[in-house]
Amino acid sequence: MASDYIVGIDLGTTNSLVAYMQDDAPVVIPGEDGLNLVPSVVALDEKNQIIVGNAARKYLIETPERAVYSVKRLMGRGVEDIQEELKLFPFQLAEDLHAGEVLRIKIGERTYTPPEISALVLRQLKRNAERFFGAPVTQAVITVPAYFNDAQRQATKDAGRIAGLNVLRLVNEPTAASLAYGLDKKTNGIIVVYDLGGGTFDISILKLHDGIFEVIATNGDTHLGGDDIDNLLIAVALDDIRGDLGLDVRRNGEAVARIRKAVIEAKIALSSQPAAKVDVDLPGGKKYQREISLEVFEQMIQPIIDRTVGPCKQALKDAGLKPEQIDEVVLVGGSTRIPKVRRLVQDLFGRVPHTDLNPDEVVALGAAVQANILGGGSEITKEMLLLDVTPLSLGIEVAGGVTDKIILRNSTVPASATQYYTTQVDGQTNVAIHVLQGERELARDCRSLARFDLKGVPPMPAGMPRIEVKFLIDANGILRVSAREQRSGQEAEIDVQPTYGLTDEQVENMLLESFDYAEEDFRQRQVIEARREADTILTALAKGKINPAWQELTSEERGNVGTLEQALVAVKDGDDYHAIREGIDALNQATMRLAELMMDTAVSTALKGKAMDDTDFEEGPRAGHPVAKADFE
Ligand code: ADP
Ligand code: MG
């Protein structure tokens, strides 16, 4: 029987963790070794068995060609994007990679995509949780950096799927950290999340309003973190060893690995002690010993931690905020355990940062809080809001049965977007708004969420009304759609619920479908749109010919228009949208002056406020046509 637990997972660059909600507080689930952190390292042992976590670390030193770490840096990215990473990390790409292809990394003789490698880490966390609960675990919330783009988020979801996890939600890491501290229970305020991990530094500024988190600025340095401190301490030790012992061990992998282990231990000790010893056995029976005082350590790391100041100031600037306007500061990442880092943060933002929770666990704890909310929650969390990205695009149907996306898939919520439309029939007084969810090009292939009519639009020629359609998703995932005809001020509005009514399986199928059919969809959409446009221009031309403006054209102009009109009629019903488009463009060009002359009259009539005489136009159909895409904005 599957357990009911939905776990929260921090899939980190250096370390990953899994947590769950125990009664009313989130707790981290330890691995078999009793440790909470699972290093994000994957290796192949001598028997080609996959090894993950602490046990995999020794392979990084002994057989580096059979191990990989920091794979989060490669998620959802192409060969072109990762040149910088390749200079700094010993990633071994598959030899037969082409631009535009999903990356593959070599581990031993095999190659893996980044989501597959991440999936191996996730699988380990899943196993740890299953051992802990004594039951299968199949559902998870996974965190991602706030700045992750669509491809990186999708790759993370894919990793979950490959690991056999249904990823219910991706949550931004700074949001998760804020949730772990229960900051969502305050109503308003600005939260700064300062995250200094192993190899990355992220600063996020969140705005909390009525329990809703909004990321208002992010900045950072993708190559700054605890690793830099380790490397500095190693360099100092290597210098000492050369100077004092006359020994050059820089090329001795084994010796460097021992030094690394020793300096990291010293660094960690210095977060809670005034001094620490580095003690390393070297080849040839020699020993390196040194005591580092906190004072010397702080002097050494000053230039490294100072590099976080610039991104913080930039983020504040981008958010248009002064340090005095910050209400809460949250520390995330193992390196923020360093007291000097805490003081720097406190000085920068003029606030004592939250430190009650372990900074390297806080993201996973927040993911567990979110997981619990999604699972129906306890009494305590029931009131809390859901935070996420929209799993599928949202839009409306436009003329020709085509989907026009207004809020794109994976936009962070709350989100809002506005698009402008117009009518496709003269004198149309009702406009049908058909709200859709999905990735497909045609409305009939998307999920219909709601329909409503914008009524009482004053009759105007087709193309004249300016209909503003606004989509707003609040933090509950509830979509509100409103439509307003701007010239008349006529309004209609509807709540659409629930936005997240699809199961992940449905989402998956819909996404797969959209990939499978993308090409055919695209062609069909092009044909439909081209035909519709052809009809529109031909109808307009028929009307133009009985308009006094027609007589103002030269006979040559009129003749030219007639020829192009016939040419368009001839190709219009075929399936070659290129030909239809060419016909439309040619006719458009030829009728430009006629359109201008007609428009002048129409606009001046409308602006004079004279309601247009209904008899000038055929009455708009009662049910209302869907809107048409407008040229303006
Ligand atoms: P990431 O988010 O990059 O996966 P973490 O948040 O787990 O990483 O941070 C890992 C980093 O924190 C490592 O560089 C580690 O050495 C450092 N770290 C962990 N504990 C301490 C400590 N007590 N003092 C100083 N640095 C620490
Ligand atoms: Mg982290």
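This is a predicted model: local features need pLDDT of at least 70, side-chain atom pairs count only at pLDDT 80 or more; totals for chains, interfaces and linings use all residues.
The side chain of asparagine 15 places a polar atom 2.8 Å from an oxygen atom of the ligand. At threonine 13, a backbone N or O atom lies 3.3 Å from a ligand oxygen atom. At serine 335, a backbone N or O atom is likewise found 3.3 Å from an oxygen atom of ligand 1. On its own, ligand 1 has 580 Å² of accessible area, of which the protein covers 88%.

Serine 16 belongs to strand β2. This serine has a relative accessibility of 0% and is therefore classed as buried, the limit being under 20%. Two polar contacts of the serine 16 side chain were computed. In one, the side chain reaches the backbone nitrogen of glycine 12 at 3.2 Å. In the other, the partner is the side chain of serine 40, at 2.9 Å.

Nine aromatic pairs are present in the structure. One of them joins tyrosine 5 and tyrosine 20 in an edge-to-face arrangement, with 5.2 Å between the ring centres and 85° between the planes. Tyrosine 5 is located in the segment before β1 (6–11), whereas tyrosine 20 is part of strand β2 (residues 15–22); the pair therefore ties together parts that are 15 residues apart in sequence. The two tyrosines fall into separate accessibility classes: tyrosine 5 is partly exposed at 36% relative accessible area, while tyrosine 20 is buried at 5%.

Tyrosine 5 also pairs with phenylalanine 133. Here the ring centres are 4.0 Å apart and the planes meet at 10°, so the pair counts as stacked, given that stacking requires planes under 30 degrees apart. Phenylalanine 133 lies in helix α3 (residues 114–133) and tyrosine 5 in the segment before β1, so this pair ties together parts that are 128 residues apart in sequence. Phenylalanine 133 is buried, with a relative accessible area of 18%. Tyr5, Tyr20, Phe132 and Phe133 together make up one aromatic cluster.

Glycine 489 occupies the loop between β24 (479–485) and β25 (490–496). The relative accessible area of glycine 489 is 29%, which makes this residue partly exposed. Between glycine 489 and arginine 466, the C-alpha to C-alpha distance is 9.9 Å, at a separation of 23 residues in sequence.

Technical notes. Residues are numbered from 1 along each chain as its sequence is written. Chains are lettered from A and ligands numbered from 1 in the order in which they are written. Side-chain values use heavy atoms; hydrogens and water are left out. A polar contact is a pair of N or O atoms within 3.5 Å; within protein, one must be able to donate a hydrogen and the other to accept it, and residues adjacent in sequence count only if both atoms are side-chain atoms. Accessible areas come from the Shrake-Rupley method with a 1.4 Å probe; for residues, only the protein chains shown count as cover. Rings of Phe, Tyr and Trp (its six-membered ring) pair if their centres lie within 6.5 Å; planes under 30 degrees apart count as stacked, over 60 as edge-to-face and the rest as tilted. Helices (H or I, at least four residues) and strands (E, at least two) are DSSP runs, numbered from the N terminus. Buried means under 20% relative accessible area, exposed over 50%, partly exposed in between (1.4 Å probe, protein chains only).
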